[in-house]
Amino acid sequence: MTKRNEVRYELYYWPGIQGRGEFVRLAFEEADVPYVDVARLPRAEGGGVHAMQELLDGVRGLALPPFAPPFLRVGDLVIAQTAAILLYLGPRLGLVPDDEAGRLGAHQLQLTIADLIGEVHDTHHPIATSLYYEDQKREAKLRARAFVGERMPKFLGYFERVLARDDSRREPYLVGAALSYVDLSLFQVVAGLRYAFPRAMARLEPAIPRTVAVHDRIAARPRIAAYLASARRLPFNEEGIFRRYPELDVEPEQGA
Ligand SMILES: N[C@@H](CCC(=O)N[C@@H](CS)C(=O)NCC(=O)O)C(=O)O
């Protein structure tokens, strides 16, 4: 078996935002396994966006260049797609159950989180990622109304139901009997939605107590708490996926 600390894990992601890279960072931080956040390193140390772009452009002759960040490099292996990265890392970081059903269950839930994240992104960029938010504000407001009124409660209600399926557990986890990378991702979803849609989340949270409890337990875990207080945790901002545009934090009937 490979010793965890002999492996050099390189995460490639945009340096100024939490974004989708944060789901991977949280897994490394909780497992206390070192990783290199390549694009955040100075160019003189082989870092910067340039290093990431080289791999995206395929100039370094990868068998399978990634389409978009985040991607993970481990020796000759390059893995893109957040959920696939976590599928790979889960067993190696001890953040997923050992059995196949547990591993697949975690992957299924992570893909559902990926769907949710795509919809969060589309609240501020409903027409085109290449356009400025200011150029699609009207559509964004319509999209945000549908998101906070229908989709956000549906997604979070689903995770709540998953957590409620065995209510005999005092501290339920999404898969299996212990913490997994999906719980860390659910923490990030709640934190991000609270940032982006504080009023909508304040209305919704009483209906999803188990989900909120997972968020709170994870925030209090010693390694996560230390990470959140460190400079490694980038602040939420209006370049990332979760953006605070107060005009999008609408009452469901106010979006038009
Ligand atoms: N499904 C992919 C989405 C990747 C993605 O959209 N990455 C964004 C940053 S969070 C990006 O840089 N996209 C560039 C593009 O789509 O052209 C995942 O979950 O990792």
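1. The ligand is surrounded by Y13, W14, R20, F67, A68, P69, P70, Q81 and T82, a residue being counted as near if one of its heavy atoms lies within 4 Å of the molecule. The model is a predicted one, in which local features need pLDDT of at least 70 and side-chain atom pairs count only at pLDDT 80 or more, while totals for chains, interfaces and linings use all residues. Residues are numbered from 1 along each chain as its sequence is written, and side-chain values use heavy atoms, with hydrogens and water left out.

2. By class, this shell holds 6 nonpolar, 2 polar and 1 charged residues. Here Ala, Val, Leu, Ile, Met, Phe, Trp, Tyr, Cys and Pro count as nonpolar, Asp, Glu, Lys and Arg as charged, and the others, Gly among them, as polar.

3. For Q81, a side-chain N or O atom is 2.6 Å from a nitrogen atom of the ligand. Of the 500 Å² that the ligand exposes when taken alone, the protein buries 66% (Shrake-Rupley method, 1.4 Å probe).

4. The protein chain has 9 helices and 4 strands, these being DSSP runs (H or I, at least four residues, for helices; E, at least two, for strands). Along the sequence their pattern is β-α-β-α-β-β-α-α-α-α-α-α-α.

5. The C-alpha atoms of the protein chain fill a box of roughly 50 × 50 × 30 Å along the principal axes.

Terms used:
A polar contact is a pair of N or O atoms within 3.5 Å; within protein, one must be able to donate a hydrogen and the other to accept it, and residues adjacent in sequence count only if both atoms are side-chain atoms.
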